[in-house]
Amino acid sequence: MTNTDAAAAPTSNVTGASIHLDGVVKRYPGTDKPAVERLDLGIEAGHIVAFVGPSGCGKTTTLKMINRLIEPSDGRILIDGRDVTKGDPDKLRQGIGYVIQSAGLFPHWTVSKNIGAIPRVLGWDKKRIAERTEYLLDLVGLDPGVFAERLPKDMSGGQQQRVGVARALAADPPVMLMDEPFGAVDPITRVRLQDSLINIQAELGKTICIVTHDFEEATKLGDKVLILSEGGHVEQYAAPEEILANPATPFVEEFIGSGATLAQLTLLRVRDIDYDSVVTATVGERTTAVLERAHAAGATWVVVVDEQGLPLSWPSVDEIAIRDEIADYVDNRLPRVAQTSTLNDALDSMLATSQGGTLVTDGRGAAIGSLTIQSVMDVIKGQLEVARTDKQETYVEHATGPIPVVPADPESSVDG
Ligand SMILES: Nc1ncnc2c1ncn2[C@@H]1O[C@H](COP(=O)(O)OP(=O)(O)OP(=O)(O)O)[C@@H](O)[C@H]1O
Ligand SMILES: [Mg+2]
């Protein structure tokens with residue numbers, strides 16, 4: 001069982017920078033105990049680190065000290081070995097993408113204007129900004145032709161969140177800070193956003209710090225998980241497998257609680273198990289040819305795909321046999337999961353669409369296989385037998401706290 005390849009410390013294309021916190025302290029004025037007592041932390045370039053811990057333990061404070069939205073009271077922060085606690089904080093923030101829970105888009109700006117905010121400040125020319133915007137919208141899975149000129153209010157929460165990620169990536173920063181970025185979206189959209197983040201990470205090799213209150217999300221996304229307790233105290237900082245296998249302190253044990261069994265499952269990805277191959281058919285193709293392929297493969301149904309290979313529907317051979325050509329019917333309830341999805345995600349997708357199976361897609365969303373609920377259940381059952389079931393304490397969900405208001409959003413200082 002490996003998760004390491006997931007956020008697969010992309011060795012070939014690391015564009016991220018290392019981050020080091022060296023004795024970092026934050027004392028808020030008028031408080032007797034520091035919010036962060038003394039934090040030492042090293043994050044490797046190109047890694048994703050997930051920050052978890054109970055409400056008020058200092059996750060947001062720590063994140064915001066890295067881009068100096070909050071100034072540390074003491075200690076040093078090094079990015080790529082350079083002390084960033086001195087110097088111009090605006091300059092610093094131009095090199096650090098920042099995403100918050102509510103996406104934090106400027107409501108009166110179109111999507112493309114939002115994404116171009118930092119590049120404009122950096123003086124990029126119009127053409128370069130336009131190209132970059134198109135590339136990024138594509139990267140986060142939004143059709144530029146459809147969304148570039150929309151206002152945030154005319155988009156779903158998940159779509160806005162994607163724009164938030166695109167905007168944070170706009171100036172190609174080596175570091176991305178994300179504070180509960182997927183907290184406000186529904187579970188299915190959340191899984192899609194997580195999967196796109198994993199793909200983006202694999203492609204771009206950024207260094208990403210992501211705060212989440214969901215331990216399962218942390219194990220899915222993090223190369224390493226940082227578990228904090230009150231005062232920004234490090235309880236454990238290790239790979240998810242390591243934390244699950246050897247919780248370092250009673251605090252960690254209690255924190256992961258019975259969520260641990262579930263989290264074990266998140267270490268298993270769709271691509272780690274044998275999924276079935278599928279017969280694809282293109283819209284407009286002659287039915288006889290498709291039926292021949294289906295027969296040869298022993299398939300009782302096929303996946304209809306568009307020119308890009310993106311799945312539209314999955315009719316049975318009987319359903320397609322009544323027409324001469326493959327129809328362009330779009331099944332809005334078609335379940336699909338990415339290869340990078342966890343088995344939990346796959347199960348969720350099937351349950352949400354009340355289907356006994358799901359399509360498997362690659363990073364671009366093209367259909368590459370299928371998975372039945374039975375095969376997933378079999379693997380999960382095997383896992384559950386292996387997992388120690390003696391830890392049945394209830395997993396206490398901690399409050400997420402109020403949605404952070406971020407007056408000092410990097411762009412707002414440059415927006416004027
Ligand atoms: N501006 C402030 N002034 C005084 N105390 C603050 C301020 N901001 C945060 N704190 C305190 O610092 C501590 C850490 O807060 P922080 O926002 O970093 O927690 P968190 O781990 O992000 O919590 P959550 O999961 O609820 O978002 C808390 O006790 C909080 O009350
Ligand atoms: Mg917070």
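**A buried arginine and its surroundings**

Me: Which residues does arginine 132 touch, not counting residues up to four places away in sequence?

Reply: First, a note on reading this predicted model: local features need pLDDT of at least 70, side-chain atom pairs count only at pLDDT 80 or more, totals for chains, interfaces and linings use all residues, and side-chain values use heavy atoms, with hydrogens and water left out. Residues are numbered from 1 along each chain as its sequence is written, while chains are lettered from A and ligands numbered from 1 in the order in which they are written. With contact taken as heavy atoms within 4.5 Å, arginine 132 touches Trp124, Leu169, Ala170 and Asp172.

Me: And what relative accessible area does arginine 132 have?

Reply: Arginine 132 belongs to helix α5; helices (H or I, at least four residues) and strands (E, at least two) are DSSP runs numbered from the N terminus. With a 1.4 Å probe and protein chains only, buried means under 20% relative accessible area, exposed over 50%, and partly exposed in between. Arginine 132 counts as buried because its relative accessible area is 16%.

**Helix α5**

Me: How far does α5 reach from its first C-alpha to its last?

Reply: α5 spans residues 126–139, which is 14 residues. The expected span of a helix is 1.5 Å times one less than its number of residues. That gives an expected 20 Å for α5, and the model comes close to it, reaching 20 Å.

Me: What arc do the buried residues of α5 cover?

Reply: The buried residues are Ile129, Arg132, Thr133, Leu136, Leu137 and Leu139. They lie on the same side of α5, because the arc they cover around the axis (taken from the directions to the C-beta atoms) is only 150°.

Me: Which residue's side-chain oxygen reaches the backbone nitrogen of lysine 127?

Reply: A polar contact is a pair of N or O atoms within 3.5 Å; within protein, one must be able to donate a hydrogen and the other to accept it, and residues adjacent in sequence count only if both atoms are side-chain atoms. At the start of α5, the backbone nitrogen of lysine 127 has such an oxygen within 3.2 Å, and it comes from aspartate 125.

Me: How many residues of α7 are buried?

Reply: The 13 residues of α7 should span 18 Å, and the end C-alpha atoms, 19 Å apart, agree with that. The cover over its buried residues includes β6 (96–100), α3, α5, β7 (175–179) and α8. α7 is mostly covered, and of its 13 residues the buried ones number eleven.

Me: How many residues are in the largest nonpolar core?

Reply: A nonpolar core is a set of buried Ala, Val, Leu, Ile, Met, Phe, Trp, Tyr and Cys residues joined through side-chain atoms within 4.5 Å. In the largest one, the residues with the most contacts inside it are Met178, Ile210, Phe215 and Ile227. Apart from it lies another core of 29 residues, among them Phe51, Leu69, Tyr98 and Val211. The largest core itself has a residue count of 45.

Me: Which residue in the turn between β9 and β10 has a positive phi?

Reply: Two strands pair if DSSP finds at least two bridges between them. Strand β9 (residues 224–229) runs parallel to β3 (residues 48–52) with four bridges, and antiparallel to β10 (residues 233–238) with five. Leucine 228 stands opposite valine 234 in β10. The hairpin of β9 and β10 has three residues between the strands, and the one with a positive phi of about 80° is glycine 231.

Me: Which are the edge strands of the open sheet of four strands?

Reply: The sheet has the order β2-β1-β4-β5 with antiparallel pairing. The strands that pair on one side only are its edges, β2 (36–43) and β5 (82–83).
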